[in-house]
Amino acid sequence: GHGREDKTIHSSSRYAIPLVQLGLVLVASSVLASSVSFITRIWIVDNEASLLLGKEAAGLYDQAFRVSAFYVNFVLGAMAADFLPRLTEVITSPDRRTQTVNEQIEVGVLLIIPGIIGLILFREPILYVLASKEFLSAGPLIIWFACGCLGRVITWPIAYLFVAAEKKITFFAVELGVSLANVALAWILVRKYGAFGGAAAFGLIYVIYGICVTAIANKQFNFRPNKSVIKIVSVSIICAGLAIAFGIYGSVMGFWYYAVSLVFSLVVGFFSLKEVVSLLPDGHSWKIKLERLPFVS
């Protein structure tokens, strides 16, 4: 009896301690992100070159960020609860940990890209519903925030390697370095472009973040994205680029803009769903149900 209890306690601790550690470093990371956002809003308020001066510009920045991050934070929250225990279990096996991270990137991107596409193409109706018509001017900011959110989903599974391997100092050092770079980039862009520059800094910083995290993970864990990840990420970036181009230049089409946007969003959604189904093991109940849908099987 006591043996089984000790074994259960030991097993629970093995999963609980990394989760607590993850919570602490994520809290610290969240504090850094909040600080960067706070500093950026202050600069936006003080920036005289902004097309929308003062608190109004900062309000647009804040609202655009909240609308953009809502869906992504839901996906990342689910990832944190499920992904870290699985990664911790295989962290000592180079092949299995690489496979686990690659699979998480695939699933994360496939789950998020339809929402990103919809957010870019239908940004004004979404702002009207979730905020009000006074915030419709925040539409251009959402494009940059959406790109940054896609970058977060791509890179965070790689960053979790450091937490699972108990290299939390490395993880925090990267977060701190990127946050400082974000502050510097925001300072430059906000002075020139106002609220739009603040949003652009958020989007661009995840390019830097992705390069840094991938390079360090490759050196410490010999991590490399597989062909499937490269394909899905490449397709997703291309789709996001097409959505941005059409969202900027096609909005003058009126009704036809939303008709084409809806078709494009559905095509991306069906592609994502089909890819997710292919990742599920044979005989899985959800795979059987989803394969009955048109365009999926």
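The following conversation concerns a predicted model of a protein.

Visitor: What is the average pLDDT of the protein?
Guide: The mean pLDDT (the predictor's confidence in each residue, from 0 to 100) is 80, and 78% of the residues score at least 70. In this predicted model, local features need pLDDT of at least 70 and side-chain atom pairs count only at pLDDT 80 or more, while totals for chains, interfaces and linings use all residues. Residues are numbered from 1 along each chain as its sequence is written, and side-chain values use heavy atoms, with hydrogens and water left out.

Visitor: Where does pLDDT stay under 50?
Guide: That applies to residues 48–52. Where pLDDT is low, the predicted coordinates should not be read in detail.

Visitor: How many salt bridges does a search of the whole structure find?
Guide: The search finds one salt bridge, meaning a side-chain nitrogen of Lys or Arg within 4 Å of a carboxyl oxygen of Asp or Glu. E275 pairs with K231, and their closest N and O atoms are 3.7 Å apart.

Visitor: Which helices hold E275 and K231?
Guide: E275 lies in helix α9 (residues 255–279) and K231 in helix α8 (residues 227–249), so the pair ties together parts 44 residues apart in sequence. Helices here are DSSP runs of H or I with at least four residues, numbered from the N terminus.

Visitor: Is E275 buried or exposed?
Guide: E275 counts as buried, at 17% relative accessibility, whereas K231 counts as partly exposed, at 41%. Buried means under 20% relative accessible area, exposed over 50%, and partly exposed in between (1.4 Å probe, protein chains only).

Technical notes
Helix = DSSP H or I, 4+ residues; strand = E, 2+ residues; numbered from the N terminus. Contact = heavy atoms within 4.5 Å.
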